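These are my notebook entries on a structure that I examined entry by entry. I record what I looked up and what I found.

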Amino acid sequence: MRLLAVSDLHVRQPQNRRFVEEIARARPTRTDDWLILGGDLGESEADLEFVFGTLGPCFARLVWVPGNHELWTVEDEGPRGEERYQLLIDTCRRHGVLSPEDPYERWPGEGPPVVIAPLFLLYDYSFRPDDVPAHRALAWAAEHDLVCTDEYVLHPDPHPSRAAWCEARCRSTEQRLEALPKDVGTILVNHFPLRREHARLPLVPRFSIWCGTRRTEDWHVRFRAKAVVFGHLHIRQKREVDGVPFHEVSLGYRRQWDPAEPERYLRAIWPPT
């Protein structure tokens with residue numbers, strides 16, 4: 001019985017869609033394994049339906065957190081912000097997928113008590129140099145001709161800004177995590193990295209402002225994390241901080257992965273090996 005993870009499936013891309021189908025073919029019967037889906041599965045409820053419907057029969061439990069792509073509103077009159085997020089949660093519930101709006105579930109395998117904590121925290125432009133003030137963050141990125149598509153299609157309604165939405169999500173999530181028994185560990189799952197040092201993108205370094213919030217820098221210690229799972233960067237990696245493994249588990253776009261061995265992109269997270 002294992003907890004596996006992958007993110008950034010981007011199934012609007014035909015080859016990525018086939019990747020999901022290949023995973024299902026390689027696992028024709030349900031196992032005891034759980035699978036974390038770390039966001040950016042696609043850009044519509046239909047994309048989520050496809051992933052959940054294809055992979056759900058292969059795993060005992062699916063766990064999902066939203067990425068920025070799932071929160072995009074590309075239709076002029078489509079649902080925005082919190083309303084769009086709720087539609088995604090409704091999709092999860094139809095498929096029995098664990099989401100950030102559900103109680104944290106205890107890992108049923110052997111070992112010390114651990115809960116799986118899917119998070120939805122967004123970003124607040126604080127992953128920037130200390131000498132760049134908050135009001136200049138977007139201009140600082142624009143100096144390198146960078147602007148994230150989120151600025152046009154990820155709407156924060158009814159919050160006044162994405163940073164305000166991020167603050168609200170962090171505040172409510174902290175309260176939930178603080179309420180956990182002190183003898184229970186966590187596996188923290190968020191689309192965006194929890195630590196600024198992990199938001200390093202060598203080709204587009206100033207994209208970091210759309211990658212998380214400094215509010216979560218110490219959450220792995222505060223909330224007794226046994227592992228942290230994230231995506232978003234499309235740079236697969238494993239690092240250790242304060243004895244806690246941090247796993248970036250993106251698949252990414254076709255040029256970023258090898259189709260020859262799809263199963264190896266499902267990272268084993270727990271129990272530790």
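**Entry 1: Salt bridges**

I began with the side chains of Glu 143 and Arg 136, which meet in a salt bridge with an N to O distance of 2.9 Å. I note at once that the model is predicted. Glu 143 counts as partly exposed, at 48% relative accessibility. Arg 136 is also listed as partly exposed, with a relative accessible area of 31%. As background, I wrote down that side chains of opposite charge can pair when their charged atoms come close.

How many salt bridges does a search of the whole structure find? The search returns 21. I then looked up a salt bridge between the side chains of Glu 105 and Arg 61, at 2.3 Å from N to O. This pair links distant parts of the chain, for Glu 105 is in strand β4 (residues 105-106) and Arg 61 is in strand β3, 44 residues apart. Is Arg 61 buried or exposed? Arg 61 has a relative accessible area of 19%, so it is buried, the cut-off being under 20%. Glu 105 stands at 25% relative accessibility and therefore counts as partly exposed.

I next turned to Arg 196 and Asp 130, whose side chains meet in a salt bridge of 3.7 Å, N to O. At 65% relative accessibility, Asp 130 counts as exposed, whereas Arg 196, at 23%, counts as partly exposed.

I also recorded a network of salt bridges that links Glu 174, Glu 178, Arg 215 and Arg 222.

**Entry 2: Two histidines**

I located His 155 in the loop between α5 (150-153) and α6 (162-178). His 155 is buried, because its relative accessible area is 16% and the cut-off is under 20%. Its side chain makes a polar contact of 3.2 Å with the side chain of Arg 80. Leaving aside residues up to four places away in sequence, I found that His 155 touches Thr 73, Arg 80, Gly 81 and Trp 165.

His 95 lies in helix α3 and is partly exposed, with a relative accessible area of 32%.

**Entry 3: Helix α2**

In helix α2 (residues 45-55), I found buried residues that include Asp 47, Leu 48, Phe 50 and Val 51. Against which elements do the buried residues of α2 pack? They pack against α1 (14-26), β2 (34-37), β3 (61-64) and α3 (81-95).

**Entry 4: Pockets**

The largest pocket holds about 500 Å³ of space. I counted 22 lining residues, and Phe 207, His 232, Leu 233, His 234 and Tyr 253 lie nearest its centre. By class, the lining has eleven nonpolar, seven polar and four charged residues.

The second largest pocket holds about 160 Å³. Its lining includes Lys 226, His 247 and Trp 270. Which strand supplies the largest share of this lining? The answer is β10, with four residues. The lining of this second pocket divides into seven nonpolar, two polar and three charged residues.

Conventions
Residues numbered from 1 in each chain as written. Predicted model: local features only at pLDDT ≥ 70, side-chain atom pairs only at ≥ 80, totals over all residues. Heavy atoms only, no water. Buried < 20%, exposed > 50% of the residue type's maximum accessible area, 1.4 Å probe, protein only. Polar contact = N/O pair within 3.5 Å; in protein donor to acceptor, adjacent residues only side chain to side chain. Contact = heavy atoms within 4.5 Å. 1 Å grid on protein atoms, 1.4 Å probe; cavity = no way out; pocket = protein on both sides within 12 Å on 5 of 7 lines; lining within 4 Å. Points joined across faces, edges and corners; volume = space filled by probe spheres on them. Nonpolar A, V, L, I, M, F, W, Y, C, P; charged D, E, K, R; others polar. Salt bridge = Lys/Arg side-chain N within 4 Å of Asp/Glu carboxyl O.
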